[in-house]
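Visitor: Please pick one part of this model and look at it closely. Start with the whole chain, so that I know where the part belongs.

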Amino acid sequence: MGNEQIQSINDCASIIRVAIYIRVSSDEQAKFGDSIRDQKESGLSYIASHKNTVLQDVYIDDGISGQKLERGDFKKLLDNAAAGLIDLIIFTKLDRWFRSLRHYLNTQATLESHNVSWLAVDQPYFDTSTPYGRAFVAQSMTWAELEAQNDGIRIKDVFKNKISHGEVVSGKVPRGYKIVDKHLVLTDEAPIILDIFNYAWSSQSLSKTIRYMEKEYNIVMNINNLRPSILQNVKYTGRFRGNENFCPRIIPDDLFNNVQSWLIRNQNVKSSQKYNYIFSGLLFCDECGYHMSGCHINVLAKRTSGKEYRYKYPAYECKQYRSYRRCDNGGEIREITIENYLLEHIVEYMNDYITSYESNQNPITNNKVKKNAVLKKLDKLKSLYLNDIIPLEEYKADREQLTKQLDVIQDVVEESVDISRLRDFLSYDFKEIYQTFDNPERRLFWRSIIKEIRLTKSSNRHREYKIIFL
C-alpha cells in the first residue's frame, strides 16, 4: 500500500485493516505521560477519521525497551501481518516502533514482502512507501538509537544517585522490609528472616530450612528461590551496590558470611558429583508427578575379620518427599533394582504396548479447542485492562501465565510411535549386549525407547511401574 493510497483512504472503495501497535516503558510513561491509553486513543481517532478503515486488533507491549526485538505482542503482530490479516500498522511516534536501526531494517523487509505499510499518526511525514521516505526513516532511526543509548546511560546515573541516598529503585522488596518515602524500613517479619538465617546455619541443610519455614511461618519456597531471595540477599546486611548504609540491617556480618561460605561449600560438593545416574530424567513419582532425583544409600556391613565398612549404592527418591516432605511416596529405590526389573519385564511391557497401539490405530489429539480457549482468555484479559477493570500489574501477570500455557499447546498432537523400531528391538538379544555397556551407554539405551517411568508408593517393599514408550 503506497503513500497515495494512505492519503486517499476516504476515497478508496476497499476496506483497509488497521492494527494499532502500542509500546510503553515505565520510565517514559512517567516522564512524558505517553501512556497505553493515550496511544490507543490516538490510534482509534485515526481509524475513526478514515471511513474505509477497520480495526484489526490492538497490540500492547508494556514495560519493554524499544531496543529489544523480543516483544510478546510485537511478534504476534508480525505473525498476523505475514498471514495476510493486516494492511496497515499505526502507532503514535517512530520511537514506539523501534529504537534500533538494525531491528527496524529487518522488520521493514518482512513487512514489505507482505505488502504491509505503517504510519506514525503523530508524525505523518514518516512514510515507508517511497525510496526517499524510507531513507528519511532510516536516518531518523539512527538518531533514535543514539538517543536510546544515551537515555540508558542517564537512567543508570539516576539509579546510582538514588542508591547512594538509600532510595529504592524498583518495586521488588525483600521479605522483612517495606517501602516508606522511597526508603526500606523494617517490618514485623524482620525477626523471622533472622531466625531463618540462624536455622540455616545451624542445620546446614537447605531442605530442612525449607521445611522449617513452611512449618513455623507458613512460608512456602523451593531451594532455587531460597538462595537468591533470602540467604544470598546482601540487602539484609544493610548494604546495596556500594552503599554501606542503604537500609536497616537484619543479619549481622558474621552470620551472613558464615551462611555464604556454607552455601559455596555445599555447591562445590554437588558439582563434584561424578556418578552417571542411568535413569536420571526418566523417573517420575506417580503420586505427585515430580521427578525422582538421584541419591546414594549408605549400607553398613562387616568383613569376615569383623571390621566394619560402608557400601554406597546409587538410588532414587521422590524429590518432593526428600527435600520438602510434600509427598508421602518416601523411601529410596536402588538403581540396580530398577535395572533388573526392566531387563526382566521390558519385553512383556513392550509386547503389551504394541498390541494396544495397533488395536487403537494411531490416536490423534486435537488441541485446537484448548488453544482457542486460551486465546479467548487473552482477548478478554486485554479488554478488561483497556476498560480499567483490572490494574496493569494484574494484567501483566495473568497475560504471562496464559502466554506460557499457549506456548506448550500444539494445534494437533499425533501420538505416533515407530512400531517397526520397537519390533526390531525385540528381535535381538539385548540383555547380553547391555552387560557390556558403561553407565552413559546404558542411560542412552533406555532413553532410546522409553519416555517416562512412573513409580507408585512403596507397598510391602514393592513398587508398581508404569512405562511410557517414545
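Guide: The accessible surface of the chain comes to about 26,900 Å², and carbon and sulfur atoms hold 49% of it. Such areas come from the Shrake-Rupley method with a 1.4 Å probe, and for residues only the protein chains shown count as cover. This is a predicted model, in which local features need pLDDT of at least 70 and side-chain atom pairs count only at pLDDT 80 or more, while totals for chains, interfaces and linings use all residues. Residues are numbered from 1 along each chain as its sequence is written, and side-chain values use heavy atoms, with hydrogens and water left out.

Of the 470 residues in the chain, 39% are buried. Buried means under 20% relative accessible area, exposed means over 50%, and partly exposed is in between (1.4 Å probe, protein chains only). The chain has 18 helices and 14 strands. These are DSSP runs numbered from the N terminus: helices are H or I with at least four residues, strands are E with at least two. Among contacts with a separation of 6 or more, 64% join residues 24 or more positions apart. Contact means heavy atoms within 4.5 Å.

Two strands count as paired if DSSP finds at least two bridges between them. Angles run from 0 to 180 degrees between N-to-C directions, and axes are lines fitted to C-alpha atoms, for helices over the stretch in contact.

Strand 7 and strand 13 (residues 450-455) run parallel and are joined by three bridges. L283 has I453 of strand 13 as its bridge partner. Strand 13 and strand 14 pair in the antiparallel sense, over five bridges. Here R454 is partnered by K466 in strand 14.

A nonpolar core is a set of buried Ala, Val, Leu, Ile, Met, Phe, Trp, Tyr and Cys residues joined through side-chain atoms within 4.5 Å. The largest one has 32 residues, and F279, Y316, I338, I346 and W446 have the most contacts inside it. Strand 7, strand 13 and strand 14 are among the elements that each supply at least two residues of this core, and others include strand 9 (308-318) and helix 18 (439-447). Helix 13 gives the most, with seven residues. Apart from this core lies another, of 31 residues, with A190, F197, I223 and I250 among them.

Strand 3 (residues 88-91) pairs with strand 4 over four bridges, in the parallel sense, and I90 has L119 of strand 4 as its bridge partner.

Elsewhere, two helices pack together. The axes of helix 8 (residues 190-203) and helix 9 (residues 206-217) come within 9 Å and cross at roughly 145 degrees. Residues that meet there include I196 and Y199 in helix 8, and Y212 and M213 in helix 9. In the loop between helix 8 and helix 9 sits Q204. Q204 has a positive phi of about 55 degrees although it is not a glycine, and it counts as partly exposed because its relative accessibility is 33%.

C247 counts as buried because its relative accessibility is 9%. Leaving aside neighbours within four places in sequence, C247 is in contact with Y177, L184, K235 and G238.
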